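The following exercises ask for a careful reading of one model.

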Amino acid sequence: MVVALRILDDGAWISVDDDRKVSVSELWRVPGGGFCGCDLTDLVVEGFVEVGVDGRTVDVRAYGQCIACGAAGTTDWTPVGRLVEGEFRHLDREGVLSPVAGE
């Protein structure tokens, strides 16, 4: 089954099959060390740089800023959802999102 993944509106949305699914202005919690020096990064997502799929997992690289220390930059590949029987299912982005190892 083919699923179209796109970045829309100058990086503001991730689209799955022409339906907006993930937006900027969310607060993501990612383990520290990879993005900034904080133990747990509270990242305000400001834009999407890349979107891809690894098996059934939809991953993104997002630009943002840590609200604790102010560091800004682009994340490693980070999972935001899964494709289940051709439909997008959100991951709990209020929990801790772990970047994809080795990327």
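The model is predicted, so local features need pLDDT of at least 70 and side-chain atom pairs count only at pLDDT 80 or more, whereas totals for chains, interfaces and linings use all residues. Residues are numbered from 1 along each chain as its sequence is written, and side-chain values use heavy atoms, with hydrogens and water left out.

**Exercise 1. The open sheet**

Task: Determine the strand order of the open sheet of three strands and the direction of its pairing.

Solution. 
Step 1. Strands are DSSP runs (E, at least two residues), numbered from the N terminus. Two of them pair if DSSP finds at least two bridges between them.
Step 2. The order in the open sheet is 1-2-3, and the pairing is antiparallel.
Step 3. Strand 1 (5–8) and strand 3 (19–23) are the edge strands, each pairing on one side only.
Step 4. From one strand to the next, the twist averages 35 degrees; axes here are lines fitted to C-alpha atoms, and angles run from 0 to 180 degrees between N-to-C directions.
Step 5. Strand 1 and strand 2 (residues 13–16) run antiparallel and are joined by four bridges. Within strand 2, W13 is the bridge partner of L8.
As background, strands of a sheet pair through backbone hydrogen bonds, either parallel or antiparallel.

**Exercise 2. The aromatic pair**

Task: Identify the residues of the aromatic pair and classify its geometry.

Solution. 
Step 1. The criterion is that rings of Phe, Tyr and Trp (its six-membered ring) pair if their centres lie within 6.5 Å; planes under 30 degrees apart count as stacked, over 60 as edge-to-face and the rest as tilted.
Step 2. The structure holds one such pair. W28 and F48 form this pair, with 6.3 Å centre to centre and 40 degrees between the planes, and the arrangement is tilted.
Step 3. W28 belongs to strand 4 (residues 27–31) and F48 to strand 5 (residues 40–54); the pair links distant parts of the chain, 20 residues apart.
Step 4. Both W28 and F48 are buried, where buried means under 20% relative accessible area, exposed over 50%, and partly exposed in between (1.4 Å probe, protein chains only).

**Exercise 3. Salt bridges**

Task: State how many salt bridges the structure holds, and describe those of R20, R61 and E87.

Solution. 
Step 1. A salt bridge requires a side-chain nitrogen of Lys or Arg within 4 Å of a carboxyl oxygen of Asp or Glu. The structure holds six.
Step 2. R20 forms one of them with D9, the closest N and O atoms being 2.8 Å apart. Because R20 lies in strand 3 and D9 in the loop between strand 1 and strand 2, the pair ties together parts that are 11 residues apart in sequence. R20 is partly exposed at 42% relative accessibility, and D9 is partly exposed at 45%.
Step 3. R61 forms a salt bridge with E50, with the closest N and O atoms 2.7 Å apart. R61 lies in strand 6 (residues 57–66) and E50 in strand 5, so this pair ties together parts that are 11 residues apart in sequence. R61 counts as partly exposed at 23% relative accessibility, as does E50 at 32%.
Step 4. The side chains of E87 and R89 meet in a salt bridge of 3.3 Å, N to O. E87 is partly exposed at 46% relative accessibility, and R89 is partly exposed at 41%.

**Exercise 4. The surroundings of R82**

Task: Locate R82 and list the residues that it touches.

Solution. 
Step 1. R82 is found in strand 8 (residues 78–84) and, at 30% relative accessibility, counts as partly exposed.
Step 2. Contact means heavy atoms within 4.5 Å. Not counting residues up to four places away in sequence, R82 touches R56, T57, V58, E87, F88, R89 and L91.
Step 3. The side chains of R82 and T57 are joined by a polar contact of 2.9 Å. A polar contact is a pair of N or O atoms within 3.5 Å; within protein, one must be able to donate a hydrogen and the other to accept it, and residues adjacent in sequence count only if both atoms are side-chain atoms.
Step 4. R82 and G52 are 30 residues apart in sequence and 11 Å apart in space, C-alpha to C-alpha.
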